Amino acid sequence: MKKGFKIAIPKGYLFDKCLDILSRAGFEVKSLMENNRKLSVYSGEDAIQYIISRPMDVPVYVEHGACDIGFSGKDMLMEKESKVYELLDLKNGECRIVLATLKDNLEKVKEKYRHFGSIRVATSYPNITKKYFDSKGMQVEIIKLYGSVELAPALGIADEILDITASGKTLEENDLMEIEEVIVSTTRLIANITSYRVKYDLISKFMNKIKNVIK
Amino acid sequence: MFENKKDSQIVRLPFGLRDIFPFEIEERNRIKEIIARKFKLWGYGEVYTPIIEFTKNISIGAGKNWKDKLINFFDVDGSPVSLRTDMTIPVARLTGMRIKRNQLPVRFCYFADSFRQSDIQKGVSRVYNQAGIEFIGSSNALMSDVEILVILINILDGLNLRDYKIGLGHIGFIEGLFDWFELDMKDREHIRKKIVAKDFVALENFLSKKNKVKAKIFLKLIQPESSIEKISDMVSGIKEKKVIKSLNYIKEIYGILKGLDYEGCLVTDFSIIRDFDYYTGLLFEVYQANITDIIGSGGRYDGLIKKFGLDVPATGFALDIDLVHKAVNEIELKGKLKILIIGVKNVNAAELIGLAGKLRDDGIIVELSFEDIPDYENFAREKNCDLIVEFKQDLKNVKIKDLKNNMTKVKTITEFLKEMKDEKRI
């Protein structure tokens, strides 16, 4: 068996946060910081192969064993319902998934639900949305969008949205108001089921180093 | 790589099911042969049960969300029936129905497909081809658990599987820790769920609220650990009966397996909780470095058969043949020689069928070709043939084309037959 292991790192807003934690934990991340388009970087010093991927794909890579461990937002884990070990809460990259609608529109939406027995919800988290409304016993139509979900109510294709927000600024700018917080998500360290058992020594060492620098 | 078919030609299967072709079946059969031999030599008798059972029987052991796991139908009289989700429940049912106390203990093995419902979007398989054993009614729990573990290890070694680990857990240990934590039923269920979901973060948050110090120890204890002594040290402060008893049980198993030099593949892991409800004691799972799923699992299920009318303890395991097949990289497909005889016509059929019969008596696979195929060589290669043999019209000489080293020879039939008998491989 090859020594060392593979880590999936998400692109986007979690990328710098992951690098920060890795470097504070004493890992060599210089090669990761070089601003090029490489999607796979090997750090010989730590015997770690970094795979840089879209946040949505991190749980998939780890679940199917393309990577042994990875950093993923809790929102992605819940949406994908991935069969992976959730080892640590990194307590960073915090964001909230909220239900929102146009300002002054709440009563209208309620009236519509009473009248038609269903409303439309736009989201990039169809699974979380379905579970959320199932738990309330509400029947809704879910419209999956890949971005700019905030526009959906104004464009008239949805009555409500279930979307991610960090500061609430985008909601504000699009005339939306929060109805309810659905989940709070932070970054998690996840591990593949088999790797966790077969490479436990390596993974637990890595985990402990990371644990020591979590604020 | 894959040709497109015209729309009108598309024939589909229900999702999560597939066909298996001769090449794969051959390799799987080889694996099954190795497994079957071990089962047989340890005295396990093969059983086969109906694929369909009454839903109320199948759901007995299928776990909390059994409705999501079963594939259901209605029988002609309206009774709900289901495809079996594993073989342990049907074997337990069969034992309860048919086995008398004075026949115990019994050892059963099986090779069978089981079916579990899944989400159409996830695209995972709904059929599981398993090989497994059930050791039922032994009054010596420890030794019967040891026996099945030894068989399991023998099989994995016999398949030349490398880098595999067997994780050992125990229901009693987790329950003991729950007692120690003084948790109520609701909390136990919640924690069990989190362990099954492998969500250690939620587990830590939940337990820390109850008792920070104990939470830390609890989480440490459910990590994989290959040194049983380390666990002993960690639990030295916990005076719970169930914890001590189950740890001693695992220790004893370790001790015996160590005597057989088998302890290298063992890892203790008390986070192992199977998603079937019937397990009562020892639990284990098999992992292999290249496979991301659990390739086999098993454990003790003392309460299950009672539900079918016979209160007896039992233990067993099942291996997933698909996953084992993927994990085995050097399967020794016993190189049976395969010959394609071409140019078999109505006029020479009797002689050639006779000659082919002689070759088959020597254990050689002989396929007869009655058709005019333009590219014989390619055809033979695709069928994994070693030789193409063409009998000359006089039926005295044969032209032999060896596909492995691309040589063509002409020999007399007597020479050829003798050579085949002696070497079985040119």
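**Ground rules**

I number residues from 1 along each chain as its sequence is written, and chains are lettered from A and ligands numbered from 1 in the order in which they are written. Since I'm working with a predicted model, local features need pLDDT of at least 70 and side-chain atom pairs count only at pLDDT 80 or more, while totals for chains, interfaces and linings use all residues.

**Chain A, overall**

I started with the secondary structure and found 10 helices and 11 strands in chain A. Helices (H or I, at least four residues) and strands (E, at least two) are DSSP runs, numbered from the N terminus. Along the principal axes, the C-alpha atoms of chain A fill a box of roughly 65 × 30 × 30 Å.

Of the 215 residues in chain A, 38% are buried. For my own reference: buried is 20 or more other C-beta atoms within 10 Å of the residue's own, exposed is 12 or fewer, partly exposed is in between, and the C-beta atoms are placed from the backbone.

I then looked at contacts (C-beta atoms, placed from the backbone, within 7 Å). Taking those in chain A between residues at least 6 apart in sequence, 67% join residues at least 24 apart.

**Chain A, domains**

Chain A splits into domain 1 (5–94 + 186–213) and domain 2 (95–184); the bounds come from an automatic or database domain assignment. I get 31 Å between the C-alpha centres of the two domains of chain A. Where they meet, 6 residues of domain 1 are in contact with 8 residues of domain 2. The domain 1 side of that meeting has 1 nonpolar, 1 polar and 4 charged residues. In this count Ala, Val, Leu, Ile, Met, Phe, Trp, Tyr, Cys and Pro are nonpolar, Asp, Glu, Lys and Arg are charged, and the others, Gly among them, are polar.

**Helix α1 of chain A**

Which residues of α1 (residues 13–24) of chain A are buried? I noted L14(A), C18(A), I21(A) and L22(A). Seen down the axis of α1(A), they fall within an arc of 100 degrees, so they line one face of the helix; the arc is that of the directions from the helix axis to the C-beta atoms. These buried residues pack against β1 (5–10), β4 (69–73), β11 (187–191) and α10 (200–213) of chain A. On the face turned away from the buried side I found Y13(A) and D16(A), which are exposed. Just after α1(A), G26(A) takes a positive phi of about 95 degrees.

**Where chain B meets chain A**

I looked up the chain contact next: 15 residues of chain B are in contact with 17 residues of chain A. On the chain B side, β7 (164–170), α8 (200–210) and β10 (291–300) each give two or more residues. That side has 7 nonpolar, 3 polar and 5 charged residues.

**Chain B, a five-stranded sheet**

I traced an open sheet in the order β13-β12-β14-β15-β16 (chain B), with mixed pairing. Strands pair if DSSP finds at least two bridges between them. Its edge strands are β13 (365–368) and β16 (407–412) of chain B, each pairing on one side only. Within the sheet, β14 (residues 387–391) and β15 (residues 397–402) of chain B run antiparallel and are joined by 5 bridges. L387(B) stands opposite D402(B) in β15(B).

**Chain B, a three-stranded sheet**

Another open sheet has the order β2-β4-β3 (chain B), with antiparallel pairing. Here β2 (52–54) and β3 (72–74) of chain B are the edge strands. I also noted that I52(B) stands opposite L83(B) in β4(B).

Conventions: Contact = placed C-beta atoms within 7 Å.
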